[in-house]
Amino acid sequence: MSIYDQKPQRFLKRLHRKIENPHTRLYCAGFELGEWRCKQFAFHLAEWLPDYALPEEELRFDHGNVLVKLNQAAVRVYTSTKYASRGEAGEIALHAICRDFFKTIPLSPRVFYKSASNDVVKAFDMVHARFPSDGSVQIWLGESKLFKSGASAIADAIKSIKLHIDEGFLSNQKLLLGPQIPKSTPRYDEIMQLFSRQESLDTLIKNAVFVVGILCDSKAVSAAKEHGQSYFEAAIGELEAIETKLSASGLPTKLKLVLAYIPLASKKEFVSSFDNRLKGLQ
Amino acid sequence: MSISNTNWIELAQKNEFDLKGDVFSILQDASNRIQNAPADDPELLATIPRLADLMARRNELQSFSEAFSALARSVGLWNYIDRSSASAQDELAAERATIPGLGLTLHREQLSALHTLASGKNLILSAPTSFGKSILIDALLYQPKFRRVAIVLPTIALLDEFRRRLITRFGETFDVLMHHSEKASREKVIFLGTQERLINRDDLGTLDLVVVDEFYKLDPHRKDDRSVTLNAAVYKLLSKARQFFFLGPNIDGVLTSEGSRWRFEFLRTRFSTVAVDTIDLKSVSNKDVRLHQEIKMQSNWPALVFVSSPDKANKLASDIVENGTKLGNGTALSKWMADNYGGKWELSEAVAAGIGIHHGRIPRALASRFVKLFNDRKIPVLICTSTLIEGVNTAAKSVMIYDKTIANRPYDFFTFSNIRGRAGRLGKHHVGQVYLFHEPPDHEDVEVTAPLFGDPEQAPDEFVVHMDDVDLSPVVSDRLADMAERVGLEPHQIRRFSGLGVETLVGLRAAVGAAVRARAAIAWSGRPSYDNLAATCEVICKVTKAQVFGCGSARQLALYISKLRQSATMKEFYHWHSESYKGLPQRIDNVFKFLRAAEFSLPEYFAVVELFAKINMPSRTLDYSLILAELPRWFRDESLKILEEQGVPIQISERFLRNGDTVTTLGTRLRAIALNEQSQMSAMERQWIADAIPR
């Protein structure tokens with residue numbers, strides 16, 4: 001069994017219409033005793049922390065008692081006075097969805113590009129690989145937005161992707177920076193080919209899937225007590241509204257896009273549950 | 001632009017736009033290399049300290065900070081991750097590699113080594129000077145399973161450095177023992193010692209871990225006359241140990257014989273935390289002039305100048321003084337040296353000009369003071385021999401390799417690598433400089449062959465005598481029997497004095513026999529007369545030249561011992577020596593060679609002469625024990641000698657010694673006086689004592 005197969009147990013539930021757009025999904029944390037499972041979701045994301053933060057090679061060292069466990073490190077990072085939440089909860093949620101529902105494997109590089117002024121701009125935090133049944137190799141590039149308002153979140157996501165694609169990523173030079181991808185990685189040669197400097201950006205774009213994760217306050221969630229029909233209709237309605245905005249941006253005609261909508265009862269409570277969870281990990 | 005063809009010096013001068021463009025290309029090339037190059041590719045790794053250096057100097061590179069941290073994380077130099085600008089993942093990676101007690105972030109290869117050790121395996125680690133090897137020892141001591149630990153170090157200077165660090169970090173939980181007189185009172189204990197000290201300890205018990213620093217010294221081919229004793233000491237320690245960890249620089253392999261009792265993992269890495277620029281000066285016609293120019297350049301400071309021998313070091317120092325070069329202000333220390341060692345020592349003039357000298361003949365407390373002042377950037381240039389390279393930690397930005405020999409033999413690639421490795425220091429000088437005045441030796445693989453891991457039948461006699469019976473083959477047992485007959489001593493006696501060498505023992509046996517026949521005055525007890533001393537020294541110098549003990553003849557050796565005994569203070573002894581000295585000015589420091597011999601080798605010789613004399617003259621009363629006890633401590637109070645090893649010059653401590661003092665009472669008093677501005681110490685002395693006795 002590959003190390004990539006070791007994942008936390010599935011927690012989120014995928015909701016979709018019978019005839020769905022395969023690239024647009026809603027992932028819900030669900031309800032318990034009439035309440036949206038805010039804390040439980042935060043706990044679940046903490047379980048993904050090692051998979052999110054450390055590549056395979058670094059995970060090797062997670063045994064024995066040489067070092068503090070990653071969890072303890074996280075406590076120290078998140079309880080330090082200078083720490084300010086950077087939306088990691090959103091990034092981890094998107095990471096978990098790609099790994100769990102789309103069977104991607106993490107490659108862990110970050111994508112940067114050179115701006116017109118020769119400065120370095122970060123484009124994508126999440127870089128995964130996926131091997132669809134048609135035999136191709138896809139590079140999944142993630143952009144997650146954790147906002148109070150869904151409309152602002154998708155607007156910001158569209159703006160970021162456009163900026164990265166039009167101004168930097170395509171017109172200037174790219175930089176994929178990350179630890180050595182282990183030779184044992186499935187389809188190693190093809191992945192390396194896509195990453196190589198000689199390979200044209202067109203090829204990379206053709207093989208790239210841009211994953212947009214939207215986490216925001218949801219009226220549907222706050223009004224509901226369980227996964228009933230009325231919740232389903234309202235939540236899918238929110239997803240469709242976001243999807244409409246994404247379509248209107250024109251991006252879907254140029255790029256392969258996946259939209260993952262994760263509705264929250266309250267962004268504020270969710271972030272504080274996540275922070276508390278990390279601070280409480282020992 | 002690629003990493004290989006980057007001219008970093010030119011790059012640092014470019015305009016903002018080009019600088020950023022080039023650095024971006026370097027990042028691209030680096031990210032490409034990460035995927036294809038070996039994990040310890042030196043050129044790729046060196047990119048990190050070079051970029052750190054560049055970013056510290058060019059503020060315009062701010063936007064590169066997160067990508068820089070991603071690169072540092074990717075190559076495994078987690079200690080370079082900039083926490084304030086790194087992504088959350090990179091910050092987590094750095095935090096996870098941080099050992100809280102040390103407040104230090106490890107890099108990937110350090111962690112890999114620790115991992116091997118934590119899993120219970122023996123490890124021999126070969127890594128560059130700037131790898132950060134010593135810190136691994138500290139990291140291990142945080143592991144609860146290591147409760148009784150022995151650490152073998154080659155020099156007293158290193159012992160003291162370790163003692164300070166370990167007491168600061170582990171003083172609450174461990175007893176740190178360095179002297180025979182110290183005994184453990186707690187369950188957790190660290191035995192620190194040179195091979196000579198550890199081999200004679202009888203309180204080691206079972207050890208959880210044995211650490212051997214600079215393990216290449218086990219190889220007898222490296223012309224180190226202490227290597228056999230090291231092998232014997234390590235053999236003894238390993239026989240009592242559950243696990244071992246050897247560390248050293250730039251070794252390509254360790255050869256073991258098939259039946260070797262010990263198994264280990266060998267980890268050889270080129271992983272380094274600093275980058276080095278090499279400046280080739282071998283075609284410069286006037287090397288003297290060029291050296292004098294370079295040492296004056298502040299951009300090279302702190303700079304080590306490597307020369308081949310103590311004489312060359314002294315000569316170079318006086319040349320610099322004659323040229324009128326003044327690099328710093330060492331007047332106070334220089335005046336102190338003239339007052340306390342006598343006025344003839346030219347070194348004091350060099351010190352006045354801000355130049356330090358470090359070689360085997362410099363008194364220990366003074367040498368450690370030079371290193372401290374050098375590391376604190378108060379002395380900008382330190383002229384040194386291989387003594388410094390092999391046993392003291394320094395923070396130099398530049399290393400100037402001025403000579404191409406060590407004691408008239410060309411230095412080999414291994415030594416060259418170790419000298420070169422002294423340039424640059426993590427956290428202080430990301431990029432070091434090496435000035436080559438000569439063609440460097442060709443690259444060659446260095447393999448260590450240690451009798452310890454070899455076939456006992458091939459091992460030297462001095463090692464074999466220490467082996468347990470179970471490890472001995474019939475052939476070796478026969479050899480031991482023959483040897484015992486030649487030497488004429490019991491096996492335990494041969495073992496005890498094996499450090500002198502079996503041939504020396506055989507020689508002393510004959511010399512004592514001849515002396516007895518000639519009715520020489522070697523049968524004495526208690527306090528020997530001058531004639532007794534002279535007769536005994538004659539015997540010793542028949543076998544080993546007086547020069548080895550820093551003297552011109554056996555008579556002079558006896559005189560030195562006698563004067564040392566008569567002098568009420570060390571200051572008095574030094575003044576007597578300085579005033580009566582008539583030899584070459586550069587050799588006046590041979591008196592320190594004598595004092596070193598008095599500490600260890602001379603008493604060993606005296607003890608062997610005593611043994612043979614007793615065998616030859618069983619009816620005579622013969623007892624050298626008084627001199628055997630007093631010579632190693634220069635006929636002074638033990639506490640003065642122990643403090644001297646900690647960097648306190650005896651000329652200061654002896655002024656404040658009271659009856660009944662212990663190291664603790666004297667040390668505490670000295671420190672109190674040093675902290676009091678109204679005290680009977682000069683400002684320079686107060687600072688010296690405060691640095692040497694930090695608590």
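By a polar contact I mean a pair of N or O atoms within 3.5 Å, where, within protein, one must be able to donate a hydrogen and the other to accept it. With that in mind, and remembering that this is a predicted model, let me begin where the two chains meet: between chain B and chain A there are 16 residue pairs in polar contact, counting pairs with both residues at pLDDT 80 or more. On the chain B side, the elements that give two or more residues are α2 (16-36), α4 (65-75), α5 (88-96) and α6 (108-118), and α2(B) gives the most, with 12 residues. That side of chain B divides into 19 nonpolar, 14 polar and 11 charged residues.

Taken as a whole, the interface brings 44 residues of chain B into contact with 48 residues of chain A, and the two chains bury about 4400 Å² between them, 55% of it on carbon and sulfur atoms. Three residues, B:Gln35, B:Leu92 and B:Arg96, supply 20% of the area that chain B buries against chain A, more than any other three. There are also 3 salt bridges across this interface, and one joins the side chains of B:Asp90 and A:Arg110, at 2.9 Å from N to O.

Note on methods. Residues numbered from 1 in each chain as written. Chains lettered and ligands numbered in written order. Predicted model: local features only at pLDDT ≥ 70, side-chain atom pairs only at ≥ 80, totals over all residues. Heavy atoms only, no water. Contact = heavy atoms within 4.5 Å. Buried area = accessible area lost by both parts, 1.4 Å probe. Salt bridge = Lys/Arg side-chain N within 4 Å of Asp/Glu carboxyl O. Polar contact = N/O pair within 3.5 Å; in protein donor to acceptor, adjacent residues only side chain to side chain. Helix = DSSP H or I, 4+ residues; strand = E, 2+ residues; numbered from the N terminus. Nonpolar A, V, L, I, M, F, W, Y, C, P; charged D, E, K, R; others polar.
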